[in-house]
Amino acid sequence: MNTRLLALAALTAALSMSAACGSQGGGNPAAPVAANETATDMASETPSAEASESPSATPSPSVAGSPVGAGCSSLPASGKGSPAELAKVPVGTALSDIPSLSTLARVVKKAGLAETLNSAQDITVFAPTNDAFSKIPKNQLDQLMSNRKSLRGLLAYHVVKGRKAPADMHGELTSLEGRKLTVSGSDSSLKVNDAAVTCGNIATSNATVYQVDKVLMPR
């Protein structure tokens, strides 16, 4: 099994377990699957669009607080895409409701993970903005978009278990892809690896979102 397939397994297994158990907190990263598991086996672990249900529209008390960061001014004050409305929908849906994350929403849809994200419980998503994706050369982005396994592996690196408040954003976090993310700074000056958080602590019904100005690449 290659690295991309392991990343796919980690993402589908971890998010499916989260959806099934409704676990909270940081928790342990998803364990690597056995080398003889097949792609079909792993696909069966991903909740289907018909079977999945949207989590409760009430955000967890652990994510109480307002979005932080200079980029939060771009969020609508009311209506679709506003913090109040985002808190009522699961994260896969919320990504499509935020104008600055439209490219990420397209990537998630292309990877077939929108329903998986919607079904997860208590995760944190580091969400590259449209400007972040524009920094990737078009030929590289087109190549990435044509390979679902690569997309899933990349997206797995942008998700961690547990809903992280700004106070939790320090030291190392383990992504669902299995490798580490380094977080530093505080409130409006948070960083993830070398990417700056433009707007963080955005609550959805099942996740906390931090917009970042670069696509995070596994080291």
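A cavity here is a set of points, on a 1 Å grid over the protein atoms alone, where a 1.4 Å probe fits but cannot get out. Grid points are joined across faces, edges and corners, and a volume is the space filled by probe spheres set on the points.

**Ground rules.** I am working on a predicted model, where local features need pLDDT of at least 70, side-chain atom pairs count only at pLDDT 80 or more, and totals for chains, interfaces and linings use all residues. Residues are numbered from 1 along each chain as its sequence is written, and side-chain values use heavy atoms, with hydrogens and water left out.

**Cavities.** I searched the whole structure and found 2 cavities of 30 Å³ or more. I counted 11 lining residues for the largest cavity (a lining residue has an atom within 4 Å of a point). V108, L117, V125, L155 and V159 lie nearest its centre. I noted that α5 (102–110) and β1 (123–128) each give this lining at least two residues. Helices (H or I, at least four residues) and strands (E, at least two) are DSSP runs, numbered from the N terminus.

I then sorted the lining of the largest cavity by class: 10 nonpolar, 1 polar, no charged. Nonpolar covers Ala, Val, Leu, Ile, Met, Phe, Trp, Tyr, Cys and Pro; charged covers Asp, Glu, Lys and Arg; the others, Gly among them, are polar.

The second largest cavity has a volume of about 40 Å³. Its lining is L104, V107, P128, F133, L154, L155, H158 and V215. Here α5 and α9 (148–156) each supply at least two residues.

**Salt bridges.** I looked for a side-chain nitrogen of Lys or Arg within 4 Å of a carboxyl oxygen of Asp or Glu. The whole structure holds 5 salt bridges. I checked exposure too: buried is under 20% relative accessible area, exposed over 50%, partly exposed in between (1.4 Å probe, protein chains only).

D142 pairs with K138, with the closest N and O atoms 2.7 Å apart. Both sit in helix α8 (residues 138–145), 4 residues apart, so about one helical turn separates them. D142 is partly exposed at 39%; K138 is exposed at 62%.

E177 and R179 meet at 2.5 Å, N to O. E177 is buried at 13%, while R179 is partly exposed at 32%.

K214 bridges to D194 at 3.4 Å. This pair links distant parts of the chain, 20 residues apart: K214 follows β7 (207–212), and D194 lies in the loop between β5 (191–192) and β6 (195–203).

Terms used:
On a 1 Å grid over the protein atoms alone, a cavity is a set of points where a 1.4 Å probe fits but cannot get out, and a pocket is an open set with protein on both sides within 12 Å along at least five of seven lines; lining residues have an atom within 4 Å of a point.
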